[in-house]
Amino acid sequence: MKILVCISNVPDTTTKVKFTDNNTKFDSTGVQWVINPWDELALTRALELKDNPASGVKGVTVAHVGPATSEPTIRKALAIGADDAIRVNFEPTEAYQVAAQLAEVIKNEPFDIILCGIESSDYNGSTVGSMLAEFLNAPSVSAVSGLNVENGEATITRDIDGGKETVSVPKPFVAIVQKGIAKEPRIAAMRGIMQARTKQIKVVEPVSVSPLTELIEFEPPKPRAKCIFVDAENPKQLIELLQNEAKVI
Amino acid sequence: METVKMKSGEFLVKDIDAKEIFIPEEFNEEQRMIAQTCRDFMDAEVFPNLDKIDKGDRELMKGILHKAAELGMLGIAVPEEYNGFGQDFVTQMLVAETTGAGYSFSVAYMCHCGIGTMPILYYGNNEQRLRYVSRLATGELIGSYCLTEPGAGSDANSGKTNARLSEDGKHYILNGQKMWITNGGFADTQVVFAKIDNDRILSAFIVESNWPGVVIGPDEHKMGIKGSSTTQIYYNDVKVPVENMLGARGEGFRIALSILHMGRMKLGANVIGAAKQTITDAVRYANERKQFGVLISTFGAIKHKLAQMVIKAYAQESAIYRVSKDVDNLINQYKSEGCDHGRAGIDGISHYAVEDAILKVWGSEMLDFVVDEGVQIHGGMGYSAEMNIDRGYRDSRINRIFEGTNEINRLLVVESATKRAMKGEYDLFGPAKELYENLDNITDGQVAGESYFDQKKRYMKNFKKAIMIMIHATMEKLGKKYMAEQEVVNNLANMIMELYMVESMALRIEKLESINGTRDVYRDMLNVFTYDTAYLIRKNARDAIYSITEGKEADALIKAIKNLTHVEGVNTMAARRRIADRLIEDNEYKF
Ligand SMILES: Cc1cc2nc3c(=O)[nH]c(=O)nc-3n(C[C@H](O)[C@H](O)[C@H](O)COP(=O)(O)OP(=O)(O)OC[C@H]3O[C@@H](n4cnc5c(N)ncnc54)[C@H](O)[C@@H]3O)c2cc1C
């Protein structure tokens with residue numbers, strides 16, 4: 001049984017986000033790129049399953065849609081323990097394109113379980129996983145916080161309001177995972193880092209998919225309003241400020 | 001294979017093209033990944049446990065080392081045939097830098113991977129390597145290094161620990177006492193230095209801690225690095241199999257000194273990690289703490305501190321990776337000449353004796369400066385034991401004491417540099433004499449319309465001339481016993497150190513600009529640092545001049561030094577503000 005983990009390449013979560021070109025382009029200078037945290041947890045769970053012989057999981061592949069510059073992130077996934085990787089050589093502008101490209105990959109090389117993070121920490125779209133399932137005509141389960149596989153049969157736990165739900169799904173399926181799927185992401189061990197050198201990243205050319213949406217502009221959050229200290233002896237100033245600056249009274 | 005660009009100490013007489021040096025911006029993807037692994041490991045296992053670690057629980061620290069071992073972190077410098085990962089010296093230094101932010105863990109880890117493991121790798125025979133190094137690399141064994149004794153600290157060869165051959169010739173019987181042994185409380189192996197019979201020179205032995213007669217003392221109560229175990233160790237008729245002698249009889253002192261060279265280099269990298277961590281803590285605090293209605297990071301006095309912290313850490317980083325690549329090139333050269341790989345490793349490192357002493361002294365003093373200002377920026381909270389800044393302040397202090405005190409290392413800077421010149425490794429005395437005999441002709445050499453970096457290169461050349469003149473004057477005046485006048489030697493050491501630092505920074509920034517284009521705060525750093533260095537070189541030269549000469553002779557020297565340390569004025573306030581503003585904006589050290 002084989003698992004495919006779809007990974008996205010995102011700016012490190014501490015990045016200060018800036019835009020260029022009239023707020024239509026993300027400014028990537030000096031940005032450190034990482035595996036999307038949810039995808040990293042998905043990968044961790046996939047590797048845990050592979051480590052357990054009773055699961056029947058034999059291989060873990062990662063797939064990414066993006067240019068060659070994202071290969072360091074893919075190699076990180078290989079260093080953490082994925083067996084091999086597929087990169088679709090395409091720079092997507094939105095989720096529909098990502099899902100469509102991934103679907104092509106899977107149609108050509110089937111997997112039993114496909115894992116996607118619930119969202120990517122850059123655009124927070126939360127749509128790739130379900131679109132991908134639709135393209136594949138496969139069942140999808142969202143908000144997955146537990147995945148178990150025994151003798152090839154998968155049980156899935158989902159968080160629902162105030163509790164949990166356990167479901168089983170026929171393979172192949174897409175599980176859209178969230179926190180809880182694995183405890184902590186794995187740290188790449190030295191051996192893994194060295195082995196990553198020789199693991200394969202298969203580069204496939206994209207199919208032609210037009211985007212469904214078009215970006216108009218980004219709007220950075222407004223800077224927090226400044227805080228004005230008013231002396232306790234001076235209630236008049238407070239009233240004045242509330243009336244004329246804040247215009248709330 | 002890259003060739004060796006500079007021999008140790010040669011920077012005093014030779015200039016190098018910026019293209020030829022290695023800068024940290026050139027780390028490859030794998031090196032970055034390894035550093036990330038170390039950072040991730042510390043985030044997971046070290047930083048959440050700092051308070052617990054500092055309670056000095058031996059089992060906890062040993063457990064953390066074992067977890068690091070699971071990731072392969074204990075085998076980074078060890079070749080693959082001994083269960084390691086055979087990484088080059090630059091990568092080892094990057095790992096040392098990264099883990100250097102780990103407080104007590106950093107000391108335990110560096111002790112194990114460095115002085116605990118490497119003597120056996122470098123000097124052991126294949127059997128010893130297989131038996132010990134392969135298990136130290138996987139964490140099955142934890143290592144330590146036992147040189148210091150109650151009566152033998154800086155004077156390391158004066159130890160009294162004794163070994164004599166048993167009657168059947170199968171064992172050395174070891175008796176004596178060691179002191180200040182890092183990892184002593186839980187190490188499984190010890191590299192112990194002792195004198196056989198009445199030998200004048202030390203020999204080295206591999207001792208296992210659980211052998212009968214080895215008694216481990218309780219942990220010392222220390223000012224800092226409280227989580228690192230430091231103990232005395234007693235040897236009472238310990239039977240050490242003869243096959244556990246490391247190297248040849250009488251080779252121990254050489255082993256001890258070579259290993260110290262490695263330790264110094266790595267310490268020089270450790271302090272960068274600690275400094276960057278402290279700077280980040282300090283700027284984050286300054287960006288949160290308000291007084292007089294504004295953030296304290298808006299105050300000029302705070303910006304001044306932040307900028308100085310950054311400049312010094314950046315200089316140390318520039319110098320460390322510059323020399324690390326030199327070391328790698330030399331190791332590769334030795335290997336290609338057929339040298340045993342272990343020996344090639346240590347001989348390559350020990351060759352750079354001038355630089356390792358510089359990096360140890362300057363780096364440890366840099367970190368002490370940084371943690372001190374870090375505390376100051378935190379105000380009263382800096383004095384509180386609840387913040388990491390207090391831990392950093394206490395933990396930093398040891399760096400000026402171990403791996404050879406800074407006093408000893410200052411002497412070594414001058415001694416190694418002059419001895420190598422005497423051996424003819426480079427021509428220092430020829431040009432020095434020529435300059436000395438023509439003091440009146442010395443100018444600052446300024447030419448109209450010189451480019452930014454040409455001006456900096458001229459300054460470096462001038463600083464080199466100033467140092468050569470002072471070395472010549474010292475040897476001329478003090479004769480063969482010049483090393484005995486330690487105050488003057490310290491002046492020379494300070495001048496040499498400052499030169500190496502500022503030149504390394506200038507070369508790095510020149511190379512960086514050739515890759516990334518001009519970035520102003522880097523020039524600001526170089527401008528301020530050059531300006532400060534010129535002053536320090538001048539001050540040290542003046543102190544030395546008045547210590548060894550007087551009258552007209554002194555006047556002539558003073559005038560020459562003044563010209564050679566003349567640099568353009570810099571608006572240091574504006575430059576430092578720009579550097580600080582960039583740090584404040586990033587809210588972390590990101591240079
Ligand atoms: C926490 C800690 C961990 C340590 N870990 C280890 C370890 O794992 N293994 C190990 O073998 N050792 C270890 N040491 C020992 C350490 O290397 C020594 O403390 C150090 O070399 C200094 O020796 P000393 O303490 O005897 O000081 P001394 O040599 O007595 O020095 C006292 C002062 O005199 C100065 N001085 C001495 N000689 C000269 C000179 N010729 N010229 C000018 N000034 C001089 C020194 O610089 C210093 O300022 C450790 C020490 C500490 C505190």
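Residues are numbered from 1 along each chain as its sequence is written, and chains are lettered from A and ligands numbered from 1 in the order in which they are written. In this predicted model, local features need pLDDT of at least 70 and side-chain atom pairs count only at pLDDT 80 or more, while totals for chains, interfaces and linings use all residues.

Reader: How many helices and strands are there in chain A?
Author: Helices (H or I, at least four residues) and strands (E, at least two) are DSSP runs, numbered from the N terminus. The C-alpha trace of chain A spans about 75 × 45 × 40 Å along its principal axes. Chain A has six helices and 13 strands.

Reader: In what order do the nine strands of the open sheet in chain A lie?
Author: Two strands pair if DSSP finds at least two bridges between them. The edge strands of chain A, each pairing on one side only, are S11 (163–168) and S13 (201–204). Neighbouring strands of this sheet are turned by 30 degrees against each other on average, direction ignored. The pairing is mixed, and the order in chain A is S11-S10-S9-S12-S8-S1-S6-S7-S13.

Reader: Which residue in S6(A) is the bridge partner of Ile3(A)?
Author: Strand S1 (residues 2–6) and strand S6 (residues 59–65) of chain A pair in the parallel sense, over five bridges. In S6(A), the partner of Ile3(A) is Val60(A).

Reader: What angle does the direction of helix H3 of chain A make with that of S6(A)?
Author: Axes are lines fitted to C-alpha atoms, for helices over the stretch in contact, and angles run from 0 to 180 degrees between N-to-C directions. Two residues are in contact if their C-beta atoms, placed from the backbone, lie within 7 Å. Helix H2 (residues 71–80) of chain A lies across S6, S7 (84–88) and S13 of chain A, and runs at about 160 degrees to S7(A). Helix H3 (residues 95–108) of chain A packs on the sheet, touching S1, S6, S7, S8 (113–117) and S13 of chain A, and its angle with S6(A) is about 140 degrees.

Reader: Is Gln97(A) buried or exposed?
Author: A residue is buried if 20 or more other C-beta atoms, placed from the backbone, lie within 10 Å of its own, exposed if 12 or fewer, and partly exposed in between. Gln97(A) lies in helix H3 of chain A, and beyond its neighbours within four places in sequence it is in contact with Pro92(A), Val209(A) and Pro211(A). Because Gln97(A) has 24 C-beta neighbours inside 10 Å, it counts as buried.

Reader: Which residues of helix H4 of chain A are buried?
Author: The buried residues of H4(A) pack against S1, H3, S8, S9 (140–150) and S12 (173–177) of chain A. Just after H4(A), Asn137(A) takes a positive phi of about 55 degrees. In helix H4 (residues 128–136) of chain A, the buried residues are Val128(A), Gly129(A), Met131(A), Leu132(A), Ala133(A) and Leu136(A).

Reader: Why is chain B as compact as a globular protein of its length?
Author: The secondary structure of chain B comes to 19 helices and ten strands. The radius of gyration is taken over C-alpha atoms, and the globule rule is 2.2 Å times the number of residues to the power 0.38. Chain B is as compact as a globular protein of that length because the rule gives 25 Å for 591 residues, and the radius of gyration of chain B is close to this, at 24 Å.

Reader: Which residues does Val414(B) touch, not counting residues up to four places away in sequence?
Author: Val414(B) is placed in helix H13 (residues 406–422) of chain B. With 25 other C-beta atoms within 10 Å, Val414(B) is buried. The residues touched by Val414(B) are Val489(B), Leu492(B), Ala493(B) and Ile496(B).

Reader: Which elements give two or more residues to the side of chain A that touches chain B?
Author: In total, 13 residues of chain A are in contact with 15 residues of chain B. The elements of chain A in question are H2 and helix H5 (190–196).
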